[in-house]
Amino acid sequence: GINASSVVADEPALRAQVRHVLEAYGPEALVEEYIEGTELTVGILGADQILPVLEVDFSECKGSGEFFYSWRMKEYQGDKAQKLTPRFWCPARLDPAVTQAVQSVAWKAARALGVRDVARVDIRLSPEGIPYVLEVNPLPGMDPEESNLPIMTRAAGMSYEAFIHRLIDLAAERALSSIPSSHPIVPAALVAA
C-alpha cells in the first residue's frame, strides 16, 4: 500500500490517505514521519560479513512521481515507459566514515532482531548524515539480475553461485550446531572438526 500518494504534506491530505488505507487494507493504519534523504541498503551474511552499501538513486524516476521504494517501483523497476528506472551505486557514493556508520547501524539492527544467516537492512540517510533503519528483511529478494542482495554480493566479488553456497553453508552450520555431538545423525568427521 505504499506509493507516491503515501507521502503527504498537510493534515487534510493525511486524513484522506489514512481513510484510503483503512478502506483498502483493514482496521489499522501506520503513520510515520517521512525521512528525506538517500535510500541505502546493506546486506549481511552470517555473523561475520557486511556487504558493500548499495545506494538506490531515484533521480531519473522523477517523471513517475515515485522517489522511494514504493510497491509500484519494486513491481515495475526498470520500466522506461513508466519512468521507473532507479540507478544502483554499489558501493554507495558515501564518505568512508559514513559508510562505516551505515554498516554499523545495519549490523546492530539485524543482531537486535536476532536475524541469522542473511539479511538486507534498508536505511534512509538523512541530509544531516543520520542513518535511519526503515526495515530489516530476513528474506530479501534473490533474483540474480534485479535483486539488491545479489548486486551487493557481486560488488563484494562473490558470484551468485558462491553466494547461494554460502547461504547453504551458513544454514547447515547453524543446524548442525544445534544437534548434540553424541546424536547418531552427526557424522564422526564433523564431531572431530
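This is a predicted model: local features need pLDDT of at least 70, side-chain atom pairs count only at pLDDT 80 or more; totals for chains, interfaces and linings use all residues.

Let me begin with strand β5, residues 118-125. Eight of its eight residues are buried.

Which strands pair with β5? Strand β1, residues 38-45, runs antiparallel to β5 and is joined to it by eight bridges; within that pairing, L45 has V118 as its bridge partner. Strand β6, residues 131-137, is also antiparallel to β5, with six bridges between the two, and here R124 stands opposite Y132. The hairpin of β5 and β6 has five residues between its strands, and G129 adopts a positive phi near 85° there.

I turn now to helix α3, residues 96-112. Its 17 residues reach 24 Å from first C-alpha to last, close to the expected 24 Å. Its buried residues are T99, V102, Q103, A106, A109 and A110. Because these cover an arc of only 125° around the axis, they lie on the same side of α3. The face turned away from that buried side carries the exposed residues A97, Q100, K108 and A112.

What covers the buried residues of α3? The covering elements include β1, β2, β5 and β6.

Finally, the ends of the helix. At the start of α3, a side-chain oxygen of D95 comes within 2.9 Å of the backbone nitrogen of A97. Just after α3, G114 takes a positive phi of about 75°.

Technical notes: Residues are numbered from 1 along each chain as its sequence is written. Side-chain values use heavy atoms; hydrogens and water are left out. Buried means under 20% relative accessible area, exposed over 50%, partly exposed in between (1.4 Å probe, protein chains only). Helices (H or I, at least four residues) and strands (E, at least two) are DSSP runs, numbered from the N terminus. Two strands pair if DSSP finds at least two bridges between them. The expected span of a helix is 1.5 Å times one less than its number of residues. The arc is that of the directions from the helix axis to the C-beta atoms. Contact means heavy atoms within 4.5 Å. A polar contact is a pair of N or O atoms within 3.5 Å; within protein, one must be able to donate a hydrogen and the other to accept it, and residues adjacent in sequence count only if both atoms are side-chain atoms.
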